[in-house]
Amino acid sequence: MPFAIPNYNVAIPEMFVLGMACLVLIVDLFLTERSRTVTYLLSQATMVGAAVLTLTTYSQEVVLAFSGTFVRDAMGDVLKAFIYLSAFIVFLYAKPYLQARKLFKGEFYVLGLFGVLGMMVLVSAHSLLTVYLGLELLALSLYAMVALQRDSIFASESAMKYFILGALASGMLLYGMSMLYGATGSLDLGEISREVATTKMELVMVFGLVFIVVGLAFKLGAVPFHMWMPDVYQGAPTAVTLYIASAPKIAAFAMVIRLLNDGLYGLHMHWQDMLVILAILSMAVGNIFAIAQFNLKRMLAYSTIAHMGYLLLGILTGSGDGYAAAMFYTLSYALMSLGGFGMIILLSRAGFEADRLDDFKGLNERSPWYAFMMLILMFSMAGVPPFLGFWAKVSVLRELIHVDMTWLAIVAVVFSIIGAFYYLRIVKLMYFDKAEDNSEIKQDLDLHVALSANSLGILVLGIMPGPLMALCASAIGVM
Amino acid sequence: MDDMKDIYLLIVLAPLLGSAIAGLFGKYIGRSGAHWVTIIGVATSTILSLIVFKDIVIDGAPVFNETIYTWMVVDGVRFEVGFLVDSLTAMMMVVVTFVSLMVHIYTIGYMHDDPGYQRFFSYISLFTFSMLMLVMANNFMQLFFGWEAVGLVSYLLIGFWYKKPTAIYANLKAFLVNRVGDFGFLLGIAAVLMYFNSLDYADVFAAAPLMQDMTMQVIPGQDWSLMAVIGILLFIGAMGKSAQVPLHVWLPDSMEGPTPISALIHAATMVTAGIFMVARMSPLYELSETALSVILVIGSITALFMGLLGIVQNDIKRVVAYSTLSQLGYMVVALGASAYAAGVFHLMTHAFFKALLFLAAGSVIIAMHHEQDMRNMGGLKKYMPITYWTMLIGSLALIGFPGFAGFFSKDAIIEAVHHSEIAGAGFAYFSVVVGVFITAFYSFRMFFLVFHGKERMDEHTRSHIHESPWVVTVPLIALAIPSIIIGAIYIGPMLFGDFFTGAIFVLPEHDVLGEIGQGYSGWGGFILHGMQGIAVYLALAGAGAAWYLYMKRPDIPTMFKEKLSIVYKVLDNKYGFDDFNEKFFAGGSRRLGGALWGVGDVKIIDGFVVNGTAKGVVWLAGVLRNLQSGFLYHYAFAMIIGLLLLIILFVMTIG
């Protein structure tokens, strides 16, 4: 057996983030409370550096490395770039929030960086083993982050729930993987793909597939594997919720594509029906339950569940265009979600969480500008043109119609109309109700700038969705 | 060409920018900041429009037709923002921006004490932007955008004094009536899109002759000419916007808005959008005589019958409003007779003298402390000389006194209708000729009642009457000048020259203006020719009759009112359009709504669907909420159930 030196080049961004995460961990030990900003700056520098490394090596070429367990391709690079961007924004938004709550510790950033590393591995996984490795690295970081606020019983409780349910889901995923391994004799996704196409062992395969889909559904938060989301979103510190709600969804999208498309495309007719069920349930439960919520974080959790339903619609088409639409949806969702939780952070201050819907009452009187920013976000999430969310929904629905699933598109539209209610309710609260709290909004300049840019970006991308759509299409390779 | 593109963009965007600044930051920049920023914006547009006018019309620069921005491409249909600037557009740009600039300046005086000062300036600048988008459009989508945007601003401005119930009633009415028109307009655009598969003017006009004989079946078994359907549908939009019978009812009520708005939107510019649109679509209209006949008849009804209503009005602004309706009727008649150039020419002269009349009326209203009833005026001549003289100029222009701007355009229309052979031309000729007498009569009735005769106001008001400040009088004078001279200057090139070559298309067999033009020998000759016609004498007779009846023998009108009380009642009720609409459409929709509400909404939707679903959802949420109990083992249980269901559904079925 010839001994080859692995092609380390393709994993340079991963190695960079790993190195920096360790560096931050060590540097942070020697920092005083006052100079903690250094940790923050180093983390941000890591994201910028990783982005530079990833983008400078961007190409359409597909390169396998580390005995075929790791893949570098255009989709991976684009998704990674957006993961860095999301993490960058999360770190930025989170800083004032953490500072005001004495949570501004190195742990948040170290765990955040390891989470990013986990996502990167997940995005580039080309073997069941690397999928699992990335998934667990990410999940363990998230569990710990949720529990960061140790003296809050809500945070601890939700971390506990998250951990136990996560472990259960991981178990199911592993069980499914072991079935696949048993049936195909390989962990390599390419190998599995070839085996699936010619297999006679359909029963075992589908049995394994069900477990894998359950694992994926848990990660995405699709119904009925969504139960952790409202509790975790609400219980975790908003800064952590912000993190959970954004970048990991991008990674989860990649994970679905890697497993279902790269590995199990041969079983498309089976997983398509499974995803149809999950998608309809998610849109229904997400949109209907969100109406009954009075807590914004909880409402956004249900909104996320609904969004994941729409995301699944794109994936279940099984076509390149469908994946591109789903990818566009994921990226749009991440931007909107960042903005939504960013607004909560903006309005919060030491000892006060602006996470009730009532806290948004009369925002227009307090700050017309941020009321307008929130309006953009809510309209976009509801899918009102010309905002980004509209195009995301349109492109997913269009791909559904292209594969002759018009009925499903109609179902999706009906649920999105139901969903419009709770988004527009916030707009109504902001513009037509009297403010309960008239204190001035005091936050750092960088938060103001970033949040405004975030919302305006959604407006601008909504007016000119072309480039981002084209990027997604070219990343998936359907130009 | 590229620098021209920037200029056009600047013309459109300067008022928008001014509007945005005055509207969003009005609080910070203050009142003078608001009027400065908007006036600078509109002045920029005005100057650049004049430059464009010189470029295109005088120096003969090529027509500009380019796309600025592609919004989206759907199934090969391009949705774009683009500009088409030819002589027609250039003329409209100058009229719109010039009148708008005058109105901006005038507003400083008129709205001096209004708390909504900044908002007002923001709206009128926004209007200027929208109107420019409308006239500069090179495709139907942008046309529709401008069309709706001017409608929106009109709605906002009619209801500008939103605490006044009549203003809210009026703006709602304007909005609803325009909805009817816009519905037709939108259907027209849809028909264009359906058959031409393009929204671009150039594409549509080029393909139109090929479609001339095409028919469509709206009602199965009935073949309708495509061009007639498109033409009439688009014209329904014009009927709403340009207030033609029976969609005219909103315009008199729109006088509830501040006077500068009546001048700018409801006299000079927005209401002429329909005229402009039909002229712009001349390559389509020329292909359907049916559509032209409809236009001709509707226009003549409006011209004659709306003028009659002007006679019985006592509100100074309403007199001017009905005269606007009637003049719009004249323009539409010209369009119907294929004399598009004459219609547009009258549009231009009318914009100047009607804006002048409105602003002069506004000046009177300021002096009278916002009293608008002419029965309480009289003898204002000696207090307000500038207003008096400018109003006189405006009135002479309106009645078509030889030499004044209105004379040329109105006489051209009358001549054109006379020569037209299209169905309905006879009736139209009768209407426009009789209309001349009526116009002169009510115009001078108003003029005499306001400026001459006994001073009928109370002592307190009289002691305060004085000429308006310069911000009011300067626009009056600036508008009076074109009201006198613009007709003589442009009649040659616009009607009988090649001013509109390439912009307006007329088939040889419809070319009535060409026929008249054969005998044309300069504007002096046109006056002499006019003196031999009947119209001029009718105008003089009308003015004379007004003088006799209201100055000399005021008892006669009172007697008429008593003896002919039926006629008076019909006129006073505006032929019952409002009552009919109120009872039939409004009442009918309310009853229909009531019935639908009672059965459909309360019983079916509220009772069954909404409350039913709400109850269902509550019940469902109740059940599901038990799952979302907060207990970990419930969550895990849900996951296991989900897993089992998937296995049952997918794995068991394979076996």
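Reader: Let's start with the nonpolar surface patch on chain B: which residues make it?

Author: In this predicted model, the patch is built from B:Phe637, B:Ile640, B:Ile641, B:Leu644, B:Leu645, B:Ile648 and B:Met652, and it covers about 660 Å².

Reader: Take B:Ile641, then. Where does B:Ile641 sit in chain B?

Author: Look at helix α27, residues 632-651 of chain B; B:Ile641 is part of that helix.

Reader: And why does B:Ile641 count as partly exposed?

Author: The idea is to compare relative accessible area with two cut-offs: under 20% is buried, over 50% is exposed, and partly exposed lies in between. B:Ile641 has 36%, so it's partly exposed.

Reader: OK, on to the interface. How do I read the area that chain B and chain A bury between them?

Author: Interface size is often quoted as the accessible area lost when the parts come together. Here chain B and chain A bury about 2600 Å², with 84% of it on carbon and sulfur atoms. On the chain B side, B:Gln628, B:Met639 and B:Phe650 lose the most area to chain A, together 26% of what that side buries.

Reader: How many residues are in contact?

Author: Count 24 from chain B and 34 from chain A.

Reader: What about salt bridges and polar contacts across that interface?

Author: The rule finds zero salt bridges there, but two residue pairs are in polar contact, both at pLDDT 80 or more.

Reader: Which elements of chain B supply at least two residues to the side touching chain A?

Author: Those are β1 (64-74), α26 (577-627) and α27. The most comes from α27(B), with 13 residues. That's the helix where you found B:Ile641.

Conventions
Residues numbered from 1 in each chain as written. Chains lettered and ligands numbered in written order. Predicted model: local features only at pLDDT ≥ 70, side-chain atom pairs only at ≥ 80, totals over all residues. Heavy atoms only, no water. Patch = residues over 30% accessible without salt bridge, like charges linked within 9 Å, V, L, I, M, F, W, Y side chains within 5 Å. Areas by Shrake-Rupley, 256 points an atom, 1.4 Å probe, with all protein chains shown as cover. Salt bridge = Lys/Arg side-chain N within 4 Å of Asp/Glu carboxyl O. Helix = DSSP H or I, 4+ residues; strand = E, 2+ residues; numbered from the N terminus. Buried < 20%, exposed > 50% of the residue type's maximum accessible area, 1.4 Å probe, protein only. Contact = heavy atoms within 4.5 Å. Buried area = accessible area lost by both parts, 1.4 Å probe. Polar contact = N/O pair within 3.5 Å; in protein donor to acceptor, adjacent residues only side chain to side chain.
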